[in-house]
Amino acid sequence: MNPVARILFDEAHSEAWTVREVLAAAMQPAHPGDASYARAAAALAAAGFGLEVNAEPPLLAERLAGYDALVIAHPSDPAWERTTGTGSPRLSPEEIDAIEAFVAAGGGLIVLGETEQDKYGNNLNELLERFGLRLRNDTVQDYEHNLGAPSWVLAELTGGERGRDGDVLAGVARACLYRATTIECRNGARVLARTHATASSPQAPLIASTRHGGGRVIVLADSDLFGDDCLDALDHRALWLNAVGWVARRVGAAPARAPELGGAWERLRDETDALALLQGPDGALAEGSDPAEHPAARANPTEPPAPRTDPDEHPAVRDAAARDAAAHVEAIAAALTELAPRFPHQAEYLRRAVADLRRWAGEGFGKPDFTAALDAFRPERERRDGAEHLVFLPMYKQNGSRDTCFEALVIRTPWPEWIAELERGWRGFRYDNPKFVPVQRLDSTRGYDGDCAVLFPETVSVAGRPANHFGAIFCDREAARLRRVVGAAAEVLGLNLPPDCARMLTSPDISEPAYILWDLIHDRAHSHGELPFDPFMIRQRAPYWMYALEELRCDLTAFTQARELEAAGLGFARHVQYAILLDRLLRFPVTGTRVRNYDGLGGQLLFAHLHRLGHVRWEDNRLTIDWSRVGDGVAALFAEVGELYRAGIDRTKLGHWAAAHDLVAARVPPAAASRWTAGVRTLDDGADSRSYLDQVLPDEFPLSIFYASLQAKLAA
């Protein structure tokens with residue numbers, strides 16, 4: 001897996017700390033932990049960071065190139081500390097210039113000082129003064145707020161940044177600095193931690209962050225707190241990961257999406273768009289077709305076209321439309337044939353697509369039947385990273401118009417090796433899901449200009465039951481919506497985002513793989529477990545809260561599995577947890593129509609559940625997530641939904657619908673006019689269940705004040 005960021009750990013300036021265990025043992029034979037940051041390095045690796053050592057001076061631009069952040073941990077004259085033994089503890093003027101330029105260009109810097117800073121013979125302050133900071137020559141003691149000794153000072157945490165840029169103190173409640181100095185801030189830097197009023201240097205900064213150009217800097221007044229002996233004390237591990245994640249925010253450009261297919265693709269796309277304007281709602285050539293009246297050509301596709309005033313016009317218009325349609329069909333067939341060599345793995349599919357298209361024209365442009373082509377369209381067989389597929393099918397789009405028309409797309413399958421290994425089986429985890437295929441949209445006809453994020457066989461126009469070989473999810477579209485909506489919501493709400501989560505909300509290279517893993521597990525969960533009901537798989541009509549619970553169950557399954565994957569060593573799975581939690585809480589409830597919005601309802605339920613537990617708090621117009629406990633809150637709801645499923649096998653259909661309504665209503669108040677609320681509803685198990693479906697309100701569970709306000713603020 002590509003690292004989420006690359007970190008350079010300097011050991012070329014006689015540092016008192018090393019990430020190399022062998023060197024730490026040589027520096028401190030009696031107790032290597034006094035010189036080792038090996039656990040800190042392992043924590044970064046587990047979280048998906050790449051870390052390398054700079055072992056030789058000089059530390060100039062060419063050495064810093066390609067890295068996202070630099071860590072300098074307490075350089076010292078060997079007279080005072082046992083050190084890495086390489087180079088002088090002093091940075092040269094050229095090195096200081098190079099580091100400042102690195103930060104200004106978007107790089108990150110972490111500097112760790114020490115008590116009695118001036119005696120160690122380094123010139124860190126010459127570097128820090130470039131950023132308006134300075135390590136004082138101090139030794140803090142506090143006889144009231146300490147961790148067993150007056151010099152082991154407990155910090156008073158003051159609060160990190162809120163919003164989309166990330167909070168260094170997210171999930172950090174306690175920290176101790178062992179033999180610390182203090183920091184002078186002369187540039188308006190944010191003080192993240194300071195001494196208590198009872199300290200020898202009261203209310204003095206201990207940890208500070210600042211920005212410089214495009215980059216970020218964090219300075220700490222002690223270096224021991226991230227050493228092997230102290231990393232797992234209090235919340236030091238979380239603070240270390242947050243600090244590195246916050247400064248390492250330089251985001252690379254997204255990979256190029258545009259295909260190089262030339263004029264044949266452009267002709268296919270444009271001719272297909274033109275043909276779609278001639279089609280009616282079922283995909284047949286429309287009676288009296290007028291391209292200007294087609295939904296795709298109107299400003300508001302949901303509004304019906306204006307009525308015709310001259311019915312005698314229809315035959316002539318239809319004849320002209322048929323001639324136009326025949327010309328488009330031949331142009332499309334020619335383009336598909338020309339493009340076929342570019343997609344050799346799709347030779348049979350493209351041959352059948354051309355045949356189905358010409359048969360549609362030859363039989364009079366009725367409702368399209370692409371049974372043969374769909375049966376041969378098998379993107380799930382080509383799950384290799386970078387595989388590209390050409391798509392030409394008559395279909396409707398989920399989350400869009402229900403009208404059927406021809407669409408053409410070029411899609412790419414991202415299938416990194418670590419995902420393939422998870423599907424094959426990794427450390428006891430196996431997510432075999434042969435139909436699932438993640439895709440990226442490279443280019444398409446206008447029908448995919450909307451919000452549709454899936455390519456499913458059941459949306460394709462066929463004469464009978466469609467072949468069900470694959471389920472394609474546009475991970476790029478889902479991830480883009482996550483970044484856009486959740487990023488905006490985080491800003492509006494002043495959310496305490498962990499820095500690695502904040503980075504995900506700016507990086508397609510992180511958010512898209514997170515969606516691939518999320519969807520891989522989610523899609524598989526629909527057919528696994530105790531399933532007294534699964535409205536998606538058996539296509540039954542049910543109240544929309546049943547769909548909400550099923551989708552939420554699959555997401556909570558994915559969240560739970562991601563926690564287990566992270567514990568087993570797949571640090572990237574943490575991003576899956578972020579994506580599920582934040583998309584569910586902050587995007588799903590406020591996007592889309594409020595008519596039977598089952599995804600939105602699942603998010604409302606999760607928010608209300610976590611809020612009731614105190615894992616999510618809304619205070620002072622800011623939303624705070626307790627990141628240390630929120631996973632346990634999600635697990636509790638998962639267990640409750642699982643119990644609903646287990647008990648469902650013993651209930652009648654109506655009784656089960658009622659029990660599910662009660663579960664949701666216990667946290668999300670139903671509409672005042674609801675006829676399904678406990679104490680109001682009257683059910684007859686012998687009656688036709690469809691009559692009770694008619695009693696479900698379009699918005700059975702309206703938005704709370706919180707969500708109504710958020711929706712209004714995000715309207716733009």
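In what order do the eight strands of the open sheet run? The order is S2-S1-S3-S4-S12-S11-S10-S7, and the pairing is mixed. Strands S2 (50-54) and S7 (156-157) stand at the edges. Each has a single partner strand, so one side of each is left without a neighbour in the sheet.

This is a predicted model. Some overall figures come before the details. The chain has 716 residues, of which 56% count as buried. It contains 22 helices and 19 strands. Along its principal axes, the C-alpha trace spans about 100 × 65 × 50 Å. Take the contacts with a separation of 6 or more: residues 24 or more positions apart account for 72% of them. The chain exposes about 28,500 Å². Carbon and sulfur atoms supply 50% of that area. Among the side chains, 76 are positive and 101 are negative. The centres of these two sets lie 3 Å apart.

Strand S11 covers residues 205-212, and strand S12 covers residues 215-220. The two pair in the antiparallel sense, over six bridges. One of the bridge pairs links His212 to Gly215 in S12. Helix H6 (residues 236-247) lies across several strands of this sheet. They are S1 (6-10), S3 (69-73), S4 (108-112), S11 and S12. Relative to S12, the helix runs at about 150°.

One loop runs between S1 and helix H1 (21-27), and Ser14 lies in it. Ser14 is not a glycine, yet its phi is positive, at about 55°. Is Ser14 buried or exposed? Ser14 is buried, with a relative accessible area of 1%. Another loop runs between S2 and helix H3 (61-64), and Pro58 is found there. A cis peptide bond joins Pro57 and Pro58, with omega about 0°.

Helix H5 (residues 124-128) contains Asn125. Asn125 has a relative accessible area of 9% and is therefore buried, the cut-off being under 20%. Which residues does Asn125 touch, leaving aside those up to four places away in sequence? They are Asp118, Arg134 and Leu135.

Now to a further sheet. Five strands form an open sheet in the order S13-S14-S15-S17-S16, and the pairing is again mixed. Strand S13 (387-395) and strand S16 (454-455) are the edge strands, each pairing on one side only. S13 and strand S14 (residues 405-413) run antiparallel, joined by nine bridges. Val391 has Leu409 in S14 as its bridge partner. Met395 stands opposite Cys405 in S14.

S14 also pairs with S15, in antiparallel fashion, through four bridges. Here Val410 stands opposite Asp443 in S15. How many of the nine residues of S14 are buried? Nine of the nine are, so S14 is largely enclosed by the rest of the structure.

Helix H9 (residues 347-362) lies across S13 and S14. H9 runs at about 20° to S13.

Next comes helix H11 (residues 417-424). Which of its residues are buried? They are Trp418, Ile419, Ala420, Leu422 and Glu423. The cover over these buried residues includes helix H14 (508-525) and helix H16 (544-567). Gly425 follows H11, with a positive phi near 125°.

A last stop is Asn621. This residue sits in the loop between strand S18 (616-619) and strand S19 (622-625). Asn621 has a positive phi of about 60°, although it is not a glycine. Asn621 is exposed, with a relative accessible area of 60%. Ser14, the other non-glycine residue described here with a positive phi, is buried.

Methods: Residues numbered from 1 in each chain as written. Predicted model: local features only at pLDDT ≥ 70, side-chain atom pairs only at ≥ 80, totals over all residues. Heavy atoms only, no water. Pairing = 2+ DSSP bridges. Contact = heavy atoms within 4.5 Å. Axes fitted to C-alpha atoms, helices over the stretch in contact; angles between N-to-C directions. Buried < 20%, exposed > 50% of the residue type's maximum accessible area, 1.4 Å probe, protein only. Areas by Shrake-Rupley, 256 points an atom, 1.4 Å probe, with all protein chains shown as cover. Lys, Arg positive; Asp, Glu negative; His and termini not counted. Charge placed at Lys NZ, Arg CZ, Asp CG, Glu CD.
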